[in-house]
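Here's a quick walk through this protein, with the model open beside you.

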Amino acid sequence: MSLSESQTFTVTVLYAASLLPALVIFALFLVGKFPRWLMATYVGSFILCAIGWELWISYGLVDGLDVASRRPQAMNEVIPMHINWVLNSLGDAAAVGLAGVFLVWLAYGRTNSAFMAWRWGAFAILSAWFIAQNLFVEMYVYQQQLAEGFRLSWAPLMPTGPWYNPTLLNFDGRSVQLQTQLPWVLMTPIYYYLLLRCYKKWGVQTRDGV
């Protein structure tokens, strides 16, 4: 069974957003070109995303369907369930999290001033980015496996679980639901706090740039 065009797009986006950044990040870190505080943020956010929701919805741990039950067999062959949560968490940590850090850095004049103490402007940028990318992912990347009718597991950062999951909007024949938007809404303050802690511990010597 071959992949459809939309399924090929999903597979390509997932692998490109997870493995490519990971390889670049670790290579740069090994040669001393990737700051320790950013590496700590990357690893920490990977763990938070994994335990916050990715593990739960991949395996359907609490009253939900596992990912293999929510997508065609062709997709399961190219993205095995047991690495699905790893790939998604890697993408969350880099293509979402570190991209948000970069946007904040640009907005604050290419300095690390927003990482020294809480700045509501930085928080707003992170929040807008996290929510915007999550809307895109739900509507255009994972719509087929997150659509209405597919029951997702409860997770720590999806506290309403499948039991209260209203549709928030419909657009272009695609739906957005509360349960799948909650993780990044709740993750924003957690992520920013992690970022501040990592910078305070390891980044004070690199204040003039990321």
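Predicted model: local features only at pLDDT ≥ 70, side-chain atom pairs only at ≥ 80, totals over all residues.

If you're wondering about disulfides, a search of the whole structure turns up zero. C49 is in no disulfide, and the nearest cysteine sulfur, at 13 Å, belongs to C198. A disulfide would need the two sulfurs within 2.5 Å.

Are these cysteines buried or exposed? C49 counts as buried because its relative accessibility is 0%, under the 20% cut-off. C198 counts as buried too, because it comes in at 4% relative accessibility.

## Two helices crossing

Now look at helix α1 (residues 5-30) and helix α5 (residues 120-141): their axes come within 11 Å and cross at roughly 145 degrees. On the α1 side, the residues in the contact are F9, T10 and V13. They meet F136, Y140 and V141 of α5. Sorted by class, that makes five nonpolar residues, one polar and no charged ones.

Helix α5 also holds N134. Why does N134 count as buried? Because its relative accessible area is 9%, and the cut-off is under 20%. Leaving out residues up to four places away in sequence, N134 touches T180, Q181 and W184.

## The nonpolar cores

The largest nonpolar core has 38 residues. Which of them touch the most other members? Those are Y42, W53, L98, V101, F115 and Y192. The elements giving two or more residues to this core are α1, α2 (36-59), α4 (81-107), α5 and α7 (178-202).

V101 is a handy one to click on. Setting aside neighbours within four places in sequence, V101 is in contact with W37, L38, F115, L126, Y191 and L195. There's also a second, separate core of seven residues, and among them are V11, I79, L87 and V141. V141 is a name you've already seen, in the contact of α5 with α1.

## A hairpin

Finally, the strands. β1 (residues 167-171) and β2 (residues 174-177) pair in the antiparallel sense, over four bridges. To find your bearings, pick L169, which stands opposite V176 in β2.

How many residues lie between the strands of this hairpin? There are two, and D172 in this hairpin takes a positive phi near 55 degrees.

Methods
Residues numbered from 1 in each chain as written. Heavy atoms only, no water. Buried < 20%, exposed > 50% of the residue type's maximum accessible area, 1.4 Å probe, protein only. Axes fitted to C-alpha atoms, helices over the stretch in contact; angles between N-to-C directions. Contact = heavy atoms within 4.5 Å. Nonpolar A, V, L, I, M, F, W, Y, C, P; charged D, E, K, R; others polar. Core = buried A, V, L, I, M, F, W, Y, C linked by side-chain atoms within 4.5 Å. Pairing = 2+ DSSP bridges.
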